[in-house]
Amino acid sequence: MADNNGILAIDQGTTSSRAIVFDLEGHIVATAQEEFSQHYPRSGWVEHEPQDLIDTTLDTSRRALKAAKAAGVHACTIGITNQRETTIVWDRRTGEPVHNAIVWQDRRTAERCAALKAAGHEAMVAERTGLLLDPYFAATKIAWILDNVRGARERARKGELAFGTVDTWLLWRLTGGRSHATDATNASRTLLFNIHRQAWDDELLSLFDIPAAILPEVLDSADDFGTTDPELFGSALPVEGIAGDQHAAVVGQCCFRPGMIKSTYGTGCFALMNTGDTAVPSQNRMLTTTAYRINGQPTYALEGAIFIAGAAIQWLRDELGIIAHASQSEGLANDAEAEGLYMVPAFTGLGAPWWDPNARGAIFGLTRNTGVAEFVHAALDSVCLQTGDLLEAMANDSQTKQATLRVDGGMVANNWLLQRLADLTGLDVERPKVIETTALGAAYLAGLQHGLYQSLESLESQWSLDDRFKPAISHQAREHIVEGWHDAVRRTLTTGR
């Protein structure tokens, strides 16, 4: 039988790499996933071995392409989506990284960010980039590598080194070093990119002491990024879509109209609200970011970032050993007997709207009856309560109160979690039939550039509801739980807010 066209989506995440082949209707044809090691050299430091990222990407892509071909679907284009902010610097000639990748969760540059803030630079940085001065973003990570790897800064000035977020690193390796590029969404997460001018900013480069020579070219999210080396996948495939994971999920969830919100639950949690062609400045410590850029025209979003979501369940499993599988969390949470236990999962600081890189995790409300089920309940509650904080801040910034939240990511298979999310936010929570919306968004962007789709908006009809969860507790009960949560958060803060 003749092959049908499909799209390979490479989804390179924080703990695993995944490859999914979609058909043109957005259905999954084949998938492969592989975890890789996390490295923690010091408290608050998180690194990846860059070779692990490309090795697992190639392995999963080959497996998915082979399975899709067996099913009669041939991938004709590639979309890439990636963990954002994670920073890699490598030698342009050899392709060898000069240091491990510094992961978005890493806190080693907290003092540098605090010094820049104390010197009065945050207002200018926020106005141009939509971001805050936090170790989360790439700029201070780049500077740390240049300052701590022998000879790196001089080599960078000479143009001998290249910087990239993970998308750029994968693209470089997939194209045999022929393409050093990123898209506008990933560039928007560096603290070096002016989101209004949609260009690298010389004043920001000077502030962070980063040579322009190491930066990639910034293209649209749907664009011609280059073609893969033929020997990698048996033929040269074009890479035609790139977006950071949370931006790709906006596309995969078809949140194309201003006011629509999606929230993705993986290692962390990230909620984005489409604000159209207006870059809305936040008064509530949200981030303003490029949601996607098509034909040179940016669409903007407000974003709230939670550093620890699914990672809290992984902690219970891997470090405490009190559960064997993450899938147990749904049943255990349902069995928990008491309210009043709060876990503030500030393992690597607190993200929006608190932005305290020095905060550390804490548990409040322990009693003699506290057991495994209560720990799991508190971990899942922390995800819902942090989401509520983000949504409240977004509503205040945008002066709009939303009724619906579209969710995706690995955690949303947990029905208890989604019902609790509806209860604690007061919103209807919608789960789509395809929850791999990050990968789907990358596929849609590549398909758009390849001419497989007429426009992004034409894809709205492909979004399909799997289940809707409605709030089932009283406003008074919700407020009581939220009040206890905010008290717990305030006890963990080091910033005095």
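Select helices α13 and α14 to begin: α13 passes α14 in a right-handed crossing, a crossing being right-handed if the near helix is turned clockwise from the far one by less than a right angle, and left-handed if anticlockwise. Helix α13 covers residues 372-398 and helix α14 residues 415-425; they pack at an angle of about 40°, with their axes 9 Å apart. Axes here are lines fitted to C-alpha atoms, for helices over the stretch in contact, and angles run from 0 to 180 degrees between N-to-C directions. The angle makes α13 oblique to α14; angles under 35 degrees count as roughly parallel, over 145 as roughly antiparallel, 65 to 115 as roughly perpendicular and the rest as oblique.

Display the side chains at this contact (heavy atoms within 4.5 Å). From α13 they are H377, L380, D381, C384, L385, T387, G388 and L391, and from α14 they are W416, L417, R420, L421, L424 and T425. Sorted by class, this contact of α13 with α14 has eight nonpolar, four polar and two charged residues. Ala, Val, Leu, Ile, Met, Phe, Trp, Tyr, Cys and Pro count as nonpolar, Asp, Glu, Lys and Arg as charged, and the others, Gly among them, as polar.

The model is a predicted one, in which local features need pLDDT of at least 70 and side-chain atom pairs count only at pLDDT 80 or more, while totals for chains, interfaces and linings use all residues. Residues are numbered from 1 along each chain as its sequence is written, and side-chain values use heavy atoms, with hydrogens and water left out.

The residues in contact are S382, L385, Q386 and D389 of α13 and I481, V482, W485 and H486 of α16. Their classes are four nonpolar, three polar and one charged.

**The whole chain**

Helices (H or I, at least four residues) and strands (E, at least two) are DSSP runs, numbered from the N terminus. The C-alpha atoms fill a box of roughly 60 × 60 × 45 Å, taken along the principal axes. With 497 residues, a compact globule would have a radius of gyration near 23 Å, and the protein agrees with this at 22 Å; the radius is taken over C-alpha atoms, and the globule rule is 2.2 Å times the number of residues to the power 0.38. Buried residues make up 63% of the 497 residues, where buried means under 20% relative accessible area, exposed over 50% and partly exposed in between (1.4 Å probe, protein chains only). Of the contacts with a separation of 6 or more, 73% join residues 24 or more positions apart.

**Helices α1 and α6**

Next, select α1 (residues 50-70) and α6 (residues 166-174), whose axes come within 10 Å and cross at roughly 65°. This crossing is right-handed. Residues P50, Q51, L53, I54, T57 and L58 of α1 meet V166, W169, L170, R173 and L174 of α6. By class, the contact has eight nonpolar, two polar and one charged residues.

Continue to S179, in the loop between α6 and β9 (181-183). S179 is buried, with a relative accessible area of 10%. Its C-alpha atom is separated by 6.1 Å from that of G226, 47 residues apart along the chain. Residues up to four places away in sequence aside, S179 touches L171, W172 and F225.

**Helix α4 and its cover**

Select α4, residues 138-148, a mostly covered helix in which nine of its 11 residues are buried. The buried residues are A138, A139, T140, K141, I142, A143, W144, I145 and L146. The elements covering them include β6 (88-91), β7 (101-102), α2 (110-118), α5 (152-157), β8 (161-164) and α8 (202-208).

**Two loop residues with positive phi**

Most residues other than glycine have a negative phi. E85, in the loop between β5 (73-82) and β6, has a positive phi near 70°. E85 is buried, with a relative accessible area of 2%. D209, in the loop between α8 and β12 (217-219), has a positive phi near 60°. At 37% relative accessibility, D209 counts as partly exposed.

**Last stop: R406**

Finish at R406 in strand β20, residues 404-408. R406 is buried, with a relative accessible area of 14%. Not counting residues up to four places away in sequence, R406 touches Q253, C254, C255, M260, I261, K262, S263, E430 and W463.
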